[in-house]
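Good morning, colleagues. Please have the sequence and the structure in view while I speak.

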Amino acid sequence: MCLAIPGQILSISGDDPLTRTGRVSFGGIVKEVNLAYVPEAKVGDYVIVHVGFAISIVDEKEAQEVFEYLRQMEELGELQEQAT
Amino acid sequence: MRFIEEYRDPESAKRLAEAIHKTVTRPWTIMEICGGQTHAIMKFGIDELLPPQITLLHGPGCPVCVTPVELIDKAVELASRPEVIFCSFGDMLRVPGTSKDLLSVKAEGGDVRIVYSPLDALQLAIKNPDRQVVFFAVGFETTAPANAMAVYQAKQKGVQNFSILVSHVLVPPAIEAILRSPTCRVQGFLAAGHVCTVMGYTEYEPIAQRYHVPIVVTGFEPLDILQGVYMCVRQLEEGRAEVENQYVRSVRREGNRPAQELIREVFEVVPRKWRGIGEIPQSGLGLREPYQQFDAERRFALSTGSVEEASECISGLVLQGVKKPPECPAFGTRCTPEHPLGATMVSSEGACAAYFKYRRGVQAAR
Ligand code: SF4
């Protein structure tokens, strides 16, 4: 039920902050999404969408974190092996 | 799809699993709170990648599963009224009430509609001024901003024929209830990434401290879950008990402020009964005074009674991580997704349904 998926904002319409909506593409499937909770979202941003509402903007830099983490772990792993 | 596929990369998953194998020195029991995570763990076989010392327990984080029978009965009662258009998310339709579910009401001619968003239900009310539109507002903190917005807009627009049947529950009180139980085996938690996207994770910090239990805010893709487990295991091995955030691409410590403001405007914290668990104080949301005209229970003066659960179903123990679904004698025989005895078999995020779908026949009660 808490399923929420990332999609990219194609366009934004409306000036009322409560009903500002975006057309959001989920891998090609486009849906109308309420943007009231992501006031700083702009066209091109990826947002996490749950039951018709964007609840966050995907942080593109942080999104690389897990891969960065893997790389660091690998380096640590190397260090451990050299130490033994 | 971007931000989904890359987190399913099998190579990276293998490397994370290796890192977990290297880190673990003794047995640990970790609970994932959210049913969405349970589903992903079963679907991608994540538990099978983990070293045998790690046991994953499945938590109560499926709103469909914890909605009490009384509320299903109320939904059935409302949906049966000729003047009502009853709107719900699809997964509530097959949850068994005392005598029937919403799907049978629909089959008998009740106007039951599946909607994607509570705003769709509000639109239906505006388009059908001569009918009463009731939305079944079920969910955790993730769904609360959407339901709050529907009620807020209904009030602003003066929509008289819209109301919600509220069954809103909160995650932190459930974690505390699990930790306080004398049968608790959980040593670390994966907290639900989308709940925390809305609420942030400051509420979890005192819990981690008080019960000395690590809590890692975790996403829903295989790499997220593996990294969450890794971070949790590291804390356990090092004797730390902190709140860490794995799902940084969506979760900020303070959460989504505008969403929290609207939740607080419309809802207040109230005690709630959880199916299979019982009443937990301060564990849910109810409408605040200025919005109570939109409370379906008030508008329709529904009977309040408490109902006994089917005795055979052990979903309460499953939801608290005490038992695993295959330990239930009815699992896969008298209880299947076609003929569910309990809600954990209905929802695709329920632990029983996830085991049934992905592990039938496999000896899964590890
Ligand atoms: S298998 Fe069915 S009866 Fe057994 S705990 Fe799960 S939902 Fe209840």
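I begin in chain B, where strand E5 (residues 132-139) and strand E6 (residues 162-169) run parallel and are joined by 7 bridges. Helices (H or I, at least four residues) and strands (E, at least two) are DSSP runs, numbered from the N terminus, and two strands pair if DSSP finds at least two bridges between them. Within this pairing, Gly139(B) has His168(B) in E6(B) as its bridge partner.

Before going further, a word on the basis: this is a predicted model, in which local features need pLDDT of at least 70 and side-chain atom pairs count only at pLDDT 80 or more, while totals for chains, interfaces and linings use all residues. Residues are numbered from 1 along each chain as its sequence is written, chains are lettered from A and ligands numbered from 1 in the order in which they are written, and side-chain values use heavy atoms, with hydrogens and water left out.

To which sheet do E5 and E6 of chain B belong? They are part of an open sheet of 6 strands with mixed pairing, in the order E4-E3-E5-E6-E11-E10. Strand E4 (112-114) and strand E10 (267-274) of chain B are its edges, each pairing on one side only. On average, neighbouring strands of this sheet are turned by 25° against each other, direction ignored. Helix H7 (residues 118-127) of chain B packs on the sheet and touches strand E3 (84-88), E4, E5 and E6 of chain B, its direction making about 170° with that of E5(B). Axes here are lines fitted to C-alpha atoms, for helices over the stretch in contact, and angles run from 0 to 180 degrees between N-to-C directions; contact means heavy atoms within 4.5 Å. Helix H13 (residues 257-266) of chain B lies across E10 and strand E11 (278-287) of chain B, at about 80° to E10(B).

Chain B also has an open sheet of 5 strands, with parallel pairing and the order E2-E1-E7-E8-E9. Its edge strands are E2 (54-61) and E9 (243-245) of chain B. Strand E1 (residues 28-34) of chain B pairs with E2(B) over 6 bridges in the parallel sense, and Cys34(B) has Gly61(B) as its bridge partner in E2(B). Across E1, E2, strand E7 (188-192) and strand E8 (215-218) of chain B lies helix H2 (residues 35-43) of chain B, running at about 120° to E1(B).

I turn to salt bridges, meaning a side-chain nitrogen of Lys or Arg within 4 Å of a carboxyl oxygen of Asp or Glu. The whole structure holds 24 of them over all chains. One of these joins Asp47(B) and Arg359(B), with the closest N and O atoms 2.9 Å apart. That pair links distant parts of the chain, helix H3 (residues 46-49) and helix H16 (residues 351-359) of chain B, the two residues being 312 residues apart.

Finally, how do the chains meet? In chain A, 39 residues are in contact with 48 residues of chain B. The two chains bury about 3,900 Å² between them, 66% of it on carbon and sulfur atoms; buried area is the accessible area (1.4 Å probe) that two parts lose on being put together, summed over both. How many salt bridges are there between chain A and chain B? The count is 1, formed by Arg2(B) and Glu60(A) at 2.8 Å, N to O.
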